[in-house]
Amino acid sequence: MPTQTRAPQLASAGKALLLPMAIDCLVLGAGQEVGKSCAVVTINGKRIMFDCGMHMGYLDRRRYPDFSRVAPDGDFDGALDCVVITHFHLDHVGALPYFTEVCGYRGPIYMTYPTKALAPLMLEDYRKVMVERRGEEEQFTTENIADCMKKVIAVDLKQTVQVDSELQIRAYYAGHVIGAAMFYAKVGDSALVYTGDYNMTPDRHLGAAQIDRLQLDLLITESTYATTVRDSKYTREREFLMAVHKCVAGGGKVLIPTFALGRAQV
């Protein structure tokens, strides 16, 4: 069900009470689950889709967000003012080619430059695995991926983008993976931030997330590991190095699995 929040009511002596429009949030994925991130937020009449991911745990219609709830008549261009993608992981971008090339969305799509560079590689790798190796029905083609990415408008961090005369967005550094961003959106006097995945602990690969001090009416934040208490980075690195040293000293070989994109290049 859509959730609704309302900005504080404003009033002053001798003036009528002003009632700012409600902010509606329709969660189509990643609400009380991991995967298929997709939230459609209406703010002062402007409608933004944040992320368009797939759920890797399903092979049926539950794999993608239920786009019919965005526009029952199929007019996605009329229903949305823009789509914003936070980063290149499939649970955040995996349904985008399907949404644009099969469902027919033709409006603006925003993501950072690294995300635009890496997303098609992730999508094509997924397509090959599912179709060419597992023999599943093809959901989108290589050409669909290329045509989808042609519609993308790349943005820099902290670049303010005027989507139209009323809606502006801005990307902030999120850590997590190369190109990951938290997005600020503002319409009139109302504003929100959607984070996607972010990381507040710097490592040898990426720094901690950074964002300005902002006045917001709504914050939508990723919380996958919110209740997980982790060992310190020093402890984890020490245990890892000890295990490697023990293996090598005993004449063994060490194979280290790592993400092919976003981590292995560094």
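Tutor: First, a term. Helices (H or I, at least four residues) and strands (E, at least two) are DSSP runs, numbered from the N terminus. Also, keep in mind that this is a predicted model.

Student: Okay. Where is H176, then?
Tutor: H176 sits in the loop between β9 and β10 (181–187).

Student: Is H176 buried or exposed?
Tutor: H176 counts as buried, because its relative accessibility is 18% and the cut-off for buried is under 20%.

Student: What does the side chain of H176 make a polar contact with?
Tutor: One partner is the side chain of H87, at 3.4 Å. The side chain of H89 is another, at 3.3 Å.

Student: Let's zoom out. How many helices and strands does the protein have?
Tutor: There are six helices and twelve strands.

Student: And what box do the C-alpha atoms fill?
Tutor: Roughly 85 × 45 × 30 Å, along the principal axes.

Student: What share of the residues is buried?
Tutor: 43% of the 266 residues. The accessible surface is about 14900 Å². Carbon and sulfur atoms own 53% of that surface.

Student: What about contacts between residues at least 6 apart in sequence?
Tutor: Of those, 59% join residues at least 24 apart.

Student: Give me one residue as an example. Where does C82 lie?
Tutor: In strand β5, which covers residues 82–84. C82 is buried, with a relative accessible area of 0%.

Student: What is C82 in contact with, leaving aside neighbours within four places in sequence?
Tutor: R47, I48, M49, Y105, P108, Y110, V163 and L167. There is also a C-alpha distance to look at. C82 and I109 are 27 residues apart along the chain, and their C-alpha atoms are separated by 5.8 Å.

Student: How many salt bridges does a search of the whole structure find?
Tutor: Eleven.

Student: Which residue does K46 form a salt bridge with?
Tutor: With D164. Their closest N and O atoms are 2.9 Å apart. This pair links distant parts of the chain, 118 residues apart. K46 is in strand β4 (residues 46–50), while D164 is in the loop between β8 (160–162) and β9 (167–173).

Student: Buried or exposed: what is K46?
Tutor: K46 is buried, at 12% relative accessible area. D164 is partly exposed, at 22%.

Student: What about R127 and E138?
Tutor: Their side chains meet in a salt bridge, 2.9 Å from N to O. That pair also links distant parts of the chain. R127 belongs to helix α4 (residues 113–133), and E138 to the loop between α4 and α5 (142–150). They are eleven residues apart.

Student: How covered are R127 and E138?
Tutor: R127 is buried, with a relative accessible area of 8%. E138 is partly exposed, with 33%.

Student: Which residue does R62 form a salt bridge with?
Tutor: With D60. The closest N and O atoms are 2.9 Å apart. R62 is partly exposed, at 39%. D60 is partly exposed too, with a relative accessible area of 36%.

Student: Now the surface. Which residues make the nonpolar surface patch?
Tutor: F240, L241, V248, V254 and I256 make a patch of about 460 Å².

Student: Tell me about V248. Where is V248 found?
Tutor: In helix α6, residues 233–249. V248 counts as exposed because its relative accessible area is 51%, and exposed means over 50%.

Student: Last one, strand β2. How many of its residues are buried?
Tutor: Five of its seven residues, so strand β2 (residues 23–29) is mostly covered.

Student: How many bridges join β2 to strand β3?
Tutor: Six, and the two strands run antiparallel. Strand β3 covers residues 38–43.

Student: What stands opposite D24?
Tutor: T42, in β3.

Conventions. Residues numbered from 1 in each chain as written. Predicted model: local features only at pLDDT ≥ 70, side-chain atom pairs only at ≥ 80, totals over all residues. Heavy atoms only, no water. Salt bridge = Lys/Arg side-chain N within 4 Å of Asp/Glu carboxyl O. Buried < 20%, exposed > 50% of the residue type's maximum accessible area, 1.4 Å probe, protein only. Polar contact = N/O pair within 3.5 Å; in protein donor to acceptor, adjacent residues only side chain to side chain. Patch = residues over 30% accessible without salt bridge, like charges linked within 9 Å, V, L, I, M, F, W, Y side chains within 5 Å. Areas by Shrake-Rupley, 256 points an atom, 1.4 Å probe, with all protein chains shown as cover. Pairing = 2+ DSSP bridges. Contact = heavy atoms within 4.5 Å.
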